Amino acid sequence: MSSTHGGARDGLPEVSTVWVRVFLEVARHGSFTVAGRHLGWTQSAVSRQVSALESALGGGPLFDRLPRGVRLTEAGRTFVGYAEAVAESLHEAVRELAALREAAGGQVRFGAFSTADAALVPCALAAFRDRHPGVRISREEGLTPRLLERLAAGHLDLAVVSTTQGAPMEAYTLHHLLDEPLYVAVPAGHPLTGADGPVRLARFADAEWISGSARPEGTLLDAALRQGFRPRVAHVVAEWTAKQGYVAAGLGVALVPALAVASVRPDVTLLPLDTADVPCRAVYAASVRGRSLSPAVGAFLGVLREAAVSVAGGASRSR
């Protein structure tokens, strides 16, 4: 509320919150003098504030001035409820803003690609919920380009993305989470399961592949194109659990990122790939460049980083 003189702008009276506070004190005590004592003001200063409020609200008296104290007029009794609502709204705003500063309130809206949901996201969510139970969280799952679109449009605060799909990243600040190696998933008993050390991707040039897309471009199989062969996609399967079923049945092989290692079924074997053929995939939490993070979002980013360290360590131990 403005602290300027009475009047109206855009249909709203220009009323100082100080006037409202003084009005409520006077209404509570029925005296300018007693209200001034509680406020640390003189009786004349209280009287001036009340007069200014009356002028801003149209000039009618809010109090009958009596020989001993004051009494609310009908207009004053009407205004009391509104004044109390204004005061409570301001107190609530202050409490909520304080909670936001302390990451004790507010909300976090984030998205993540599917394999990040296998271990990284659940680990981060569990830790964040324990530390900040008052923060509302909403999550979306999608491919990196779509998540970045949602982020740019203001529907998300953070997006857990990878560089695999070649989406333009110039408009975003990328908070590095981890670099994950890739593996080839083969059925248990595959001839290469006894290989000593990482295998070359070219060993699978003639294999049939299970992939989320019929075209390798923009997928994990893009690495094969860089190695000079075009993988033959025998089955297009989007869901990771289903991909494992196809691999276990001997219908093809599939590329698996490290984030999915913990969820691999026992009848599927993971073969580490030579990083000279397939560099590690970078995983980031993306935010819009120039857009500040709220304390709650900043706290969630910190928990994501902690979870990334934990998940990366777990993946390395399970290989």
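Does Val-247 count as buried or exposed, and at what relative accessibility? Val-247 counts as buried, because its relative accessibility is 1% and the cut-off for buried is under 20%. The model is a predicted one.

**Helix α1**

- Helix α1 takes in residues 17-29, which makes 13 residues.
- At 1.5 Å a residue, α1 should span 18 Å, and the 19 Å between its end C-alpha atoms agrees with that.
- At the N-terminal end, α1 is capped by Ser-16, which places a side-chain oxygen 3.0 Å from the backbone nitrogen of Val-18.
- After α1 comes Gly-30, with a positive phi near 65°.
- The buried residues of α1 are Trp-19, Val-20, Val-22, Phe-23, Leu-24, Glu-25 and Val-26.

**Packing of α1 against α2**

- Two packed helices are described by the angle between their axes and the distance between the axes.
- For α1 and helix α2 (residues 32-39), the axes come within 8 Å and the crossing angle is roughly 125°.
- The pair is therefore oblique.
- The crossing of these two helices, α1 and α2, is right-handed.
- On the α1 side, the contact is made by Arg-21, Val-22, Glu-25, Val-26 and His-29.
- On the α2 side, Phe-32, Val-34, Ala-35, His-38 and Leu-39 make the contact.

**Packing of α1 against α3**

- The axes of α1 and helix α3 (residues 43-56) come within 9 Å, crossing at roughly 115°.
- These two helices, α1 and α3, are therefore roughly perpendicular to each other.
- The crossing of α1 and α3 is left-handed.
- From α1, the residues in this contact are Val-18, Trp-19, Val-22, Phe-23 and Val-26.
- From α3, they are Val-46, Gln-49, Val-50, Ala-52, Leu-53 and Ala-56.
- Val-22 and Val-26 of α1 take part in the contact with α2 and also in the contact with α3.

**Packing of α2 against α3**

- Helices α2 and α3 have axes that come within 8 Å and cross at roughly 105°.
- That angle makes α2 roughly perpendicular to α3, because angles of 65 to 115 degrees count as such.
- Phe-32, Thr-33, Gly-36 and Leu-39 of α2 meet Gln-43, Val-46, Ser-47 and Val-50 of α3.

**Ser-31, between α1 and α2**

- Ser-31 sits in the loop that joins α1 and α2.
- Its relative accessibility is 12%, so Ser-31 counts as buried.
- The side chain of Ser-31 lies 3.1 Å from the backbone nitrogen of Thr-33.
- The Ser-31 side chain also reaches the backbone nitrogen of Val-34, at 3.0 Å.
- With residues up to four places away in sequence left out, Ser-31 touches Val-26, Gly-69 and Val-70.

- Val-121 belongs to helix α5 (residues 120-131).
- Val-121 counts as buried because its relative accessibility is 2%.
- Apart from neighbours within four places in sequence, Val-121 is in contact with Phe-110, Ala-112, Ala-116 and Arg-139.
- Val-121 and Leu-304 are 183 residues apart along the chain, with 7.5 Å between their C-alpha atoms.
- Val-247 is part of helix α8 (residues 240-248).
- Beyond its neighbours within four places in sequence, Val-247 is in contact with Ala-185, Val-186, Pro-187, Ile-210, Gly-252, Val-253, Ala-254 and Val-268.
- From Val-247 to Ala-45 there are 202 residues in sequence, and their C-alpha atoms are 83 Å apart.

- Gly-197 is found in the loop between β9 (182-187) and β10 (208-211).
- With a relative accessible area of 34%, Gly-197 is partly exposed.
- Gly-197 and Asp-274 are separated by 77 residues in sequence and by 8.5 Å, C-alpha to C-alpha.
- Val-261 occupies the loop between β12 (254-257) and β13 (268-272).
- Val-261 is buried, since its relative accessible area is 7%.
- Val-261 and Ala-119 lie 142 residues apart along the chain, and 9.0 Å separates their C-alpha atoms.

Conventions: Residues are numbered from 1 along each chain as its sequence is written. This is a predicted model: local features need pLDDT of at least 70, side-chain atom pairs count only at pLDDT 80 or more; totals for chains, interfaces and linings use all residues. Side-chain values use heavy atoms; hydrogens and water are left out. Helices (H or I, at least four residues) and strands (E, at least two) are DSSP runs, numbered from the N terminus. The expected span of a helix is 1.5 Å times one less than its number of residues. Buried means under 20% relative accessible area, exposed over 50%, partly exposed in between (1.4 Å probe, protein chains only). A polar contact is a pair of N or O atoms within 3.5 Å; within protein, one must be able to donate a hydrogen and the other to accept it, and residues adjacent in sequence count only if both atoms are side-chain atoms. Axes are lines fitted to C-alpha atoms, for helices over the stretch in contact, and angles run from 0 to 180 degrees between N-to-C directions. Angles under 35 degrees count as roughly parallel, over 145 as roughly antiparallel, 65 to 115 as roughly perpendicular and the rest as oblique. A crossing is left-handed if the near helix is turned anticlockwise from the far one by less than a right angle, and right-handed if clockwise. Contact means heavy atoms within 4.5 Å.
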